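Thank you all for making time this morning.

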Amino acid sequence: MALKIENKAKDKADIWIYGDIGESWSGESVTAKEFSEELKNLTGVREITLHINSPGGNVFDGLAIYNSLKKFRARVVTEIDGMALSIASIIALAGDEVRMAGNAVYMIHNPWTMAAGDASEIRKVADQLDLVRGSLAGTYAAKTKDSASLEQISEWMNAETWFNSDEALKAGFVDQITDPIEIAAKYDLSRYHYKNMPVVAEKIALPQDKAVRAMVARMTMKINSRRVSEQA
């Protein structure tokens, strides 16, 4: 289950994003197009509870999902159930209120890419990476403006910073810590060799219908002369 939407009450709906953001060859995922189409069907909804348990994925899809939620007529409450990593950490900030389970994990880092070409093409890629990075940093800083500056956000992104719920609250990414959610499955993140992953995240407990099968994605852009594809 990458995307699930329930609209049991006339004016309230629950949305679950559990999986990769954007097209994925390694597991369940939700694209911006799919999300947008489902969101349009929520007529008359005044409040959305957005549940997130995602390792991240495509930057463009993630930003589109974030913007769709910000523009939607309903109040949005985000619940970080397990992990909000990379671009999923941006989607989480679409909530008018952001809540994080006591045993969840939040992570931000810089976009990165694989690219080929001559020196001129590589310089263009670097410029595009800087542009994307600035957009992401600005979104984080808009949320943390009362707790963390843009300069601090930049340092955290450079370092690939992982936050537990207390740290995320102190930094200003979340507004409230909720009770830890009963564990249904475990997903071992240690195999992905993040450069700054804390011990607590090596065997992160994740509440979900099925164990996340998708490889934890890092902010990636695949760029060539005809297409720009970004992931986080």
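Are W156 and F173 buried or exposed? W156 is buried, and F173 is buried as well, where buried means under 20% relative accessible area, exposed over 50% and partly exposed in between, with a 1.4 Å probe and protein chains only.

Before going further, please keep in mind that this is a predicted model, in which local features need pLDDT of at least 70 and side-chain atom pairs count only at pLDDT 80 or more, while totals for chains, interfaces and linings use all residues. Residues are numbered from 1 along each chain as its sequence is written, and side-chain values use heavy atoms, with hydrogens and water left out.

As for confidence, pLDDT is the predictor's confidence in each residue, from 0 to 100; the chain averages 80, and 73% of the residues score at least 70. Over residues 205-231, however, pLDDT stays under 50, and where pLDDT is low, the predicted coordinates should not be read in detail.

Taking the chain as a whole, we have six helices and 15 strands, these being DSSP runs numbered from the N terminus, with helices (H or I) of at least four residues and strands (E) of at least two. Of its 232 residues, 51% count as buried.

Let me return to the rings. Rings of Phe, Tyr and Trp (its six-membered ring) pair if their centres lie within 6.5 Å, and planes under 30 degrees apart count as stacked, over 60 as edge-to-face and the rest as tilted. By this rule there are six aromatic pairs. One of them joins W156 and F173 in a tilted arrangement, at 5.9 Å centre to centre with 50 degrees between the planes. This pair links distant parts of the chain, since W156 sits in helix α5 (residues 150-159) and F173 in the loop between α6 (165-171) and β11 (176-178), 17 residues apart. Both belong to one aromatic cluster, together with Y106, Y140 and F163.

Finally, consider strand β7 (residues 97-101), which is largely enclosed by the rest of the structure because four of its five residues are buried. Two strands pair if DSSP finds at least two bridges between them. Strand β6 (residues 75-85) pairs with β7 in the parallel sense over four bridges, and V77 has E97 in β7 as its bridge partner. β7 also pairs with β11 in the parallel sense, over three bridges, with A101 opposite T178 in β11.

How values were computed. Contact means heavy atoms within 4.5 Å.
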